[in-house]
Amino acid sequence: LDTDVVVAEELTRRIVARWGDELDLWQPPTISISLSREHDWAPGTLSLTIQNFVALLRDLARDIVRALPARNVVIVNGHGGNRGVLDNLIHELRGDFALNACVIHPFDLSKVETHAASPDVHGGKSETSVMLALAPQLVRQEAIAPVAEPPDSDAVAALIFDRGASFPWRTDDRRLTASGVIGEAHAASAELGQEIIASVVEEARGVLRRLLESQRLMGGA
């Protein structure tokens, strides 16, 4: 089972449990395959094309409008590789279907300071900690070892974090990682995971309130 699916589904469940009565929240089924071309070197990786990913979400948006009274949609994004497409797609959901939509990116929404000693990008301290808190039976802790050679921080900054340029970085790029992990999985803990989860759930209320305010400004009920 993909860790991104676990994160998206379980965080959504907790957000709905915490704020559902106050804000009338409902959780539809989780979309379990999205955009993962940066991991397609690894056996078992499944990925849609951008065209099919967008088509899937547009079809779901169309059916939400047809079948349900809901006009507010929150996408809890479990996979960072979806971000660029989703940030643009919500404009189409609004313009083409009159859906008031937003995207929550959990690890960016969290306000917890993880004190990571090296760039924490993929399968590192934060993600592993959250998995230890949500589904420890899926974490093979015996296989986690300190990284022999930390990723090149300059390469991470240039290929991933530079806001002035975009590159198709991959998790088999030897400048970034020797294992697919970019971060300190060995430093993860369930306690840190619980802190991150709690922070995401609490911060989600503000996002949801802003979504409702956007609906009001759009002229909705």
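A residue counts as buried when its relative accessible area is under 20%, as exposed over 50%, and as partly exposed in between (1.4 Å probe, protein chains only). By that rule, 41% of the 221 residues of the chain are buried. This is a predicted model, in which local features need pLDDT of at least 70, side-chain atom pairs count only at pLDDT 80 or more, and totals for chains, interfaces and linings use all residues. Residues are numbered from 1 along each chain as its sequence is written, and side-chain values use heavy atoms, leaving out hydrogens and water.

**Fold and dimensions**
- Seven helices and two strands make up the secondary structure of the chain, with helices (H or I, at least four residues) and strands (E, at least two) taken as DSSP runs numbered from the N terminus.
- Along the sequence their pattern is α-α-β-α-β-α-α-α-α.
- Along the principal axes, the C-alpha atoms fill a box of roughly 55 × 35 × 30 Å.

**Contacts**
- Of the contacts (heavy atoms within 4.5 Å) between residues at least 6 apart in sequence, 73% join residues at least 24 apart.

**Residues with positive phi**
- A98, which is not a glycine, has a positive phi of about 55°.
- A98 sits in the loop between helix 3 (83–97) and strand 2 (100–104), and is partly exposed at 47% relative accessibility.
- H115, also a residue other than glycine, has a positive phi near 55°.
- H115 belongs to the loop between helix 4 (106–109) and helix 5 (125–134), and is exposed, with a relative accessible area of 61%.
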